[in-house]
Amino acid sequence: MAQTRLRVFRPFLLALYAGGLFGLAWSATAAAQAPLPKIWTGVYTEAQAQRGRDVFLNRCAHCHDERLTGGDGPALIAGQFNRNWGSRTVQRLFTKVKERMPPGEVFVASDKEKLDIVTFLLMSNGFPPGEHELRLDADELSSILIVGKNGPEPAPTGALVEVVGCLITEGDDYSLTNATAPSVSSMDDVAGDAKAFKGPLGTGKVKLLDVYPKPDGLKGRTLMAKGLLIRNGTATNLNVMALETVSATCP
Ligand code: HEC
């Protein structure tokens, strides 16, 4: 008897609960349909970001400015932050701070303090705090993408990106075919990023500009190209800064 009753009640209660608690949020986002990206659900606490702020002011602000607007180091907010970190994971941002900041003095703050700093950077860039602290857990940090409320956007012109594709020549031009969508990247570890690429390839074509030395010997290989993205109408061009072999063949 009890079981039967539960079966009847549970869906009813769930409907009430969902309608009451989440009804508002649902109607507000009904047009968008997609769920909010994780980073918008509150992945750190305000207290944690405040702790991070204190360490940042002591250890980082003399190069990045206390308002994060940059100085000897780049700005860490707004357009610059979006261009360099948009669509990347919080794990990548944390790794950058952990392994490279401050330059030559990475030991001045612990990993825990650096994670707190990362939450301060998230708060400064408008991502909301929540109920639980962000934890030092690579899997969890890798699951949080730095994106706008509508999810990943195509990388903008001027961004430093990476593209993987198959090198072809057409006259004097070099292009990658079967190319992945350009994604925001960095020059910190070109060989490591190429090695970590697991596919799949894409359907795009990206013209390589200013490739030096000429990469004729790499024709027919699958390459990772890094450089500055230049979108020109429907064409995608890359001002190449590095080329690295992903595989010696093309699919
Ligand atoms: C001595 C000056 C200096 C100090 C101190 C310093 N940085 Fe940097 N930072 C730089 C420079 C220069 C760069 C650009 C070169 C690079 O990316 O490695 C940079 C780059 C960065 C980036 C990547 C920015 C981007 O958009 O690519 C982050 C994030 C960062 N710093 C955070 C920190 C944090 C957090 C601290 C304190 C723990 C810190 N930095 C301390 C000079 C500094």
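How many salt bridges does a search of the whole structure find? The search finds 13 of them, a salt bridge being a side-chain nitrogen of Lys or Arg within 4 Å of a carboxyl oxygen of Asp or Glu. The model is a predicted one, in which local features need pLDDT of at least 70 and side-chain atom pairs count only at pLDDT 80 or more, while totals for chains, interfaces and linings use all residues. Residues are numbered from 1 along each chain as its sequence is written, and side-chain values use heavy atoms, with hydrogens and water left out.

Begin by selecting Arg135, whose side chain meets that of Glu140 in a salt bridge with an N to O distance of 2.7 Å. Arg135 counts as partly exposed because its relative accessibility is 48%, and Asp137 counts as partly exposed at 25%; here buried means under 20% relative accessible area, exposed over 50%, and partly exposed in between (1.4 Å probe, protein chains only).

Next, select Lys205 and Glu170, which form a salt bridge whose closest N and O atoms are 3.0 Å apart. This pair links distant parts of the chain, 35 residues apart, with Lys205 in strand E4 (residues 204-209) and Glu170 in strand E1 (residues 160-170); strands (E, at least two residues) are DSSP runs, numbered from the N terminus. Both ends count as partly exposed, Lys205 at 42% relative accessibility and Glu170 at 40%.

Finally, select Arg92, Glu162, Asp193 and Lys226 together, which salt bridges with shared partners join into one network.

Methods: Helix = DSSP H or I, 4+ residues; strand = E, 2+ residues; numbered from the N terminus.
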